[in-house]
Amino acid sequence: MQRYTADTVNVDAIVDALLHGDGAVLISGLFTPDQVAEARAIIMEHSEAASEKVTHFQGAAEADGTISLQRRVWNLLAKGKVFSDMATHPVLMRILRRFLGSEFIMGSIAANRILPGGPGQEPHVDYPYWDFHAPETHPIGLNGSFPMNAQVSIILDPFTEESGATAFVPGSQRELRYPQDSDRFFERCARMEGEPGDVALFYGVTWHCAMPNMSQHDRNAVLIQYLPKFVKPMEDMPAALPQSFMDEASADMRQLLGLNYPYPEVLDAAKAGNTEGRVA
Ligand SMILES: O=C(O)CCC(=O)C(=O)O
Ligand SMILES: [Fe+2]
């Protein structure tokens, strides 16, 4: 996995690595210790109750109703300005404008906290390909040659093999396919290891999963899903945020919330509130 810093970021090389290379890169030191500490404290506070909803990729160890050791915190934009600053970091915006098109949007921003002893996930691909185990539900001929997803993991605790750093199979993004048992994922995988403040950026068709946390510390990350402007986002963020958030949002945040892209729209004037000619 190629490693960059904010100063050495090479957009063309990163786009090439995401599409044709490993499918993942690491950008180290993108966020300050203060930002990491603030984000982590908010996530820890909001995930103290074990009832936070987990992902559809939740580990088998939790399926029996025991206390969840993998916890999600949703709707982060409403929980602290630090998360808006993270989502709109200029280095990420610059890379993603090239990768997903200049008007790309955000489909989800959530935290994943894996407690000590917490489980990993099944190997998978991410939204909007997450159900590609049923390829017939997607358009015929769909492949990964142009991206409809980019994933950012902002690392808030040391990501090591022991603590369950995200596993991925380098190069698996080149062929859009859901990983099978016969793909021997766990024998072939590399790990997205990093320090708090680092960012793992990957193309979500790369086979990957969280791994079990065998360390003594929590393993927190902010997971951001970015999409091209025309893909229906996974979370309805504008509906979950107060109007004041929208009113104060930066131009980049308005773009990420999809506010620049108006569809679907009612294009029939009679239905759009023009009562002239409306049939009662
Ligand atoms: O937390 C991680 O390591 C990865 C999480 C992930 O891939 C997901 O929830 O889709
Ligand atoms: Fe994932």
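Helices (H or I, at least four residues) and strands (E, at least two) are DSSP runs here, numbered from the N terminus. Keep in mind that this is a predicted model.

Q: How many helices and strands does the chain have?
A: Helices need at least four residues and strands at least two. Counted like that, the chain comes out with eight helices and 10 strands.

Q: In what order do the seven strands of the open sheet lie?
A: The pairing in this sheet is mixed. Its edges are strand 1 (2-5) and strand 3 (70-73), each pairing on one side only. Going across the seven strands, the order is 1-2-8-5-10-4-3.

Q: Which residue of strand 8 stands opposite Ile154?
A: Strand 5 (residues 150-155) pairs with strand 8 (residues 199-202) in the antiparallel sense, over four bridges. Within strand 8, the residue opposite Ile154 is Val199.

Q: At about what angle does helix 2 run to strand 10?
A: Helix 2 covers residues 33-46 and lies across strand 3, strand 4 (105-114) and strand 10 (219-227). Its angle to strand 10 is about 100 degrees.

Q: What radius of gyration does the chain have, and why does that agree with a compact globule?
A: For 280 residues, a compact globule would have a value near 19 Å, so the chain agrees with that. The C-alpha atoms fill a box of roughly 65 × 45 × 45 Å along the principal axes. The chain's own radius of gyration is 19 Å.

Technical notes: Residues numbered from 1 in each chain as written. Chains lettered and ligands numbered in written order. Predicted model: local features only at pLDDT ≥ 70, side-chain atom pairs only at ≥ 80, totals over all residues. Pairing = 2+ DSSP bridges. Contact = placed C-beta atoms within 7 Å. Axes fitted to C-alpha atoms, helices over the stretch in contact; angles between N-to-C directions. Rg over C-alpha atoms; globule rule 2.2 N^0.38 Å.
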